[in-house]
Structure formats: structure tokens, C-alpha cells
Amino acid sequence: QTGVYSWGAGRMGQLGHGDKGDRALPHLIQALCTQTVIQVAAGWAHTLFLAGIVANQSNRSSPSFSSFD
């Protein structure tokens with residue numbers, strides 16, 4: 001399935017799944033399924049997603065931010 005996946009240690013909630021569980025295998029981030037993710041930045045205790053939401057019929061996007069930490 002197309003989307004954004006994360007895995008690894010999630011004890012600080014940085015994987016973006018709404019919990020603090022670890023993931024041994026890639027797991028789809030449900031909160032981003034309706035977003036067009038443009039860029040991802042990740043570190044030891046954070047993940048940041050830059051997403052564009054289609055604002056009108058001309059397909060122009062305006063940026064929004066999702067941060068899991």
C-alpha cells in the first residue's frame with residue numbers, strides 16, 4: 001500500500017502511530033493517509049513530516065506540518 005511507513009524504537013512516540021510502541025517491521029502511519037507528504041526529517045526522538053494539502057481545483061498545495069515527538 002502506498003503511504004508513509006515508520007519502524008524502530010517508538011518509546012517517545014516518534015514513530016507517529018499514536019502510541020509509544022516499538023515496531024520491528026515497517027508500519028503504515030494512518031494519520032498521513034490523506035496527506036501528500038513532501039519531505040520527512042527524523043532523529044533520535046522526533047519525526048517531522050511536511051505535507052501539502054490540495055487547497056483548490058488548480059491543484060495548488062499549501063504546506064501543513066505534522067510532528068510526532
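Modeller: From the N terminus, the order of elements is β-β-β-β-β. The model is predicted, with local features requiring pLDDT of at least 70, side-chain atom pairs counting only at pLDDT 80 or more, and totals for chains, interfaces and linings using all residues. Residues are numbered from 1 along each chain as its sequence is written, and side-chain values use heavy atoms, with hydrogens and water left out.

Confidence is given as pLDDT, the predictor's score for each residue from 0 to 100. The protein averages 82, and 75% of the residues score at least 70. Strand 2 (residues 23–28) has the highest confidence, at 96, whereas strand 5 (residues 61–68) has the lowest, at a mean of 54. Where pLDDT is low, the predicted coordinates should not be read in detail.

Of the 69 residues, 26% count as buried, that is, under 20% relative accessible area, with exposed meaning over 50% and partly exposed in between (1.4 Å probe, protein chains only). The protein exposes about 4,900 Å², of which carbon and sulfur atoms supply 55%; the areas come from the Shrake-Rupley method with a 1.4 Å probe, and for residues only the protein chains shown count as cover. Among contacts (heavy atoms within 4.5 Å) with a separation of 6 or more, 22% join residues 24 or more positions apart.

The part in question may now be taken residue by residue. S6 is placed in strand 1 (residues 5–8) and counts as buried because its relative accessibility is 10%. Leaving aside neighbours within four places in sequence, S6 is in contact with L15, H17, R23, L25, P26, H27 and I29. With H17, the link is a polar contact between the two side chains at 2.8 Å. A polar contact is a pair of N or O atoms within 3.5 Å; within protein, one must be able to donate a hydrogen and the other to accept it, and residues adjacent in sequence count only if both atoms are side-chain atoms.

G8 also has its place in strand 1, but at 26% relative accessibility G8 is partly exposed. Beyond four places in sequence, the contacts of G8 are with L15, D22 and R23. The C-alpha atoms of G8 and P26 are 8.2 Å apart, across 18 residues of sequence.

D22 belongs to the loop between strand 1 and strand 2 and counts as exposed, at 51% relative accessibility. Although D22 and G8 are 14 residues apart in sequence, their C-alpha atoms are 5.7 Å apart. With the same exclusion of neighbours within four places, D22 is in contact with G8, A9, G10 and R11. The side chain of D22 reaches the backbone nitrogen of G10 at 2.8 Å.

R23, a contact of both S6 and G8, forms a salt bridge with D19, the closest N and O atoms being 3.2 Å apart. A salt bridge is a side-chain nitrogen of Lys or Arg within 4 Å of a carboxyl oxygen of Asp or Glu, and by this rule the count is one. Side chains of opposite charge can pair when their charged atoms come close. R23 is buried, with a relative accessible area of 17%, whereas D19 is partly exposed, at 35%.

Key:
Helices (H or I, at least four residues) and strands (E, at least two) are DSSP runs, numbered from the N terminus.
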